[in-house]
Amino acid sequence: MASMIKSVRNMGQRTSSSTDYGKNEEAHLENVGESAEVFAARHDYFTRYPNNWSKIREKFREPAAEMLGTMILILFGAGVDCQVVLSSNTSVAATPKGDYLSLNFGWACGAALGVWVSGGISGGHINPVVTLCLAVFRDFPWRKVPGYMLGQLIGAWLGAIIVFGNYFHAIDIFEGGKGVRTLKTAGLFSTFALDYMPSANCFFDEFIGAFILLMVVFAVSDKRNGPPPPGLVPLVIFIVILGVGAAFGMQTGYAINPARDLGPRIMTAMVGYGRQVFNFRNQYWIWCPIIGSFCGGLVACFVYDVFLFLGAESFINSPNASARRHFAHARNAERPLAPSGIPLDEDHVVDTV
């Protein structure tokens, strides 16, 4: 019996010699009374860490998923901006390659596929507003917020620099000279409001877009509100981004995502556009696409929780003194890995060192 226990503990560990491994395997099979084929069929052991790299990867896997998901968003979004706008110049393309509806579809595809790429790992936030709102109004860990937001910002920067590298020859032609960089092409990557827009209206435009987005995100993550199946959540995100762009995209470019605007804005400043992208309209980049988006999202989540959400995750539903005396509280109502709602399949996984 002692020999059997020892061999089971040593199972799965490699020895320095293949001969020793074979002997140990034979001894183990003899002890349990099973052939190699029967043992393999009956005993299926898994570990999350099959090698050293897997242990390292675990530490940044979720922020990396956010980075790649946000990169996908920008690849499609900035890519369609470049194709539609630059192709309007006959020196770039013989005929225009799209219109305003094409822009909306491109951004919607990027958002949906970005959520799909990252959803099962990090929840598919791909937006600092979503991350902050889930931390404030749900039980998303605050310790993960900085890593998620940094991953989103880096992903947006990466997506923008890739698109710029693909289209910079067309940008030179569109601008009228090699290396000429003005705000008319900086707007292919980050957002700039129309000239007639007053500051308050710019803020309100971004506020509305983020309000709609977060209202829908909280609805699809509420398991008591008829949420779609997990695999269809990216379709919902596609619809809401398409709708926001079609209804509210003209005046400010509907950033509704601080990383989506700041990451590409940093990229444009680095590749020749300079400080003009930050000095536009008294640091427009701070109070409109960043502060406006955060405010709209937070207000939307507060409104949703006050009037609709019944789950214990929200501080709105915290038990009062009477409920605490009876050890009573609301039931949890948030889907796992919100907003994607895709649960991790961790059955039969054993963490081994």
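Which residues make the nonpolar surface patch of about 520 Å²?

Mentor: The patch is made by F302, V306, F307, L308 and F315. Keep in mind that this is a predicted model.

Start with F315, which sits in the loop between α13 (284-307) and α14 (321-325). Its relative accessibility is 43%. Because buried means under 20% and exposed means over 50%, F315 counts as partly exposed.

Now the setting. The protein has 14 helices and two strands. Of its 353 residues, 43% are buried. The accessible surface comes to about 18200 Å², and carbon and sulfur atoms hold 63% of that area. Among contacts with a separation of 6 or more, 75% are between residues 24 or more positions apart.

Helix α13 also has a part in covering another helix. The buried residues of α6 are covered by elements including α13, α7 (145-175), α9 (199-220) and α11 (258-273). Helix α6 spans residues 128-137, and nine of its 10 residues are buried, so the rest of the structure largely encloses this helix. Those buried residues are P128, V129, V130, T131, L132, C133, L134, A135 and F137. At the start of α6, a side-chain oxygen of N127 comes to within 2.9 Å of the backbone nitrogen of V129.

Leaving aside residues up to four places away in sequence, N104 touches L242, G245, A246 and Y254.

Last, the confidence. The mean pLDDT of the protein is 86, with 79% of the residues at 70 or more. Over residues 1-23, however, pLDDT is below 50, and the model gives this stretch 13 contacts beyond near neighbours in sequence. Residues 345-353 also stay under 50, with 12 contacts beyond four places in sequence. Where pLDDT is low, predicted coordinates should not be read in detail.

Note on methods
Residues are numbered from 1 along each chain as its sequence is written. This is a predicted model: local features need pLDDT of at least 70, side-chain atom pairs count only at pLDDT 80 or more; totals for chains, interfaces and linings use all residues. Side-chain values use heavy atoms; hydrogens and water are left out. Patches are made of residues with over 30% relative accessible area and no salt bridge: like charges are joined within 9 Å, nonpolar side chains (Val, Leu, Ile, Met, Phe, Trp, Tyr) within 5 Å. Accessible areas come from the Shrake-Rupley method with a 1.4 Å probe; for residues, only the protein chains shown count as cover. A salt bridge is a side-chain nitrogen of Lys or Arg within 4 Å of a carboxyl oxygen of Asp or Glu. Helices (H or I, at least four residues) and strands (E, at least two) are DSSP runs, numbered from the N terminus. Buried means under 20% relative accessible area, exposed over 50%, partly exposed in between (1.4 Å probe, protein chains only). Contact means heavy atoms within 4.5 Å. pLDDT is the predictor's confidence in each residue, from 0 to 100. A polar contact is a pair of N or O atoms within 3.5 Å; within protein, one must be able to donate a hydrogen and the other to accept it, and residues adjacent in sequence count only if both atoms are side-chain atoms.
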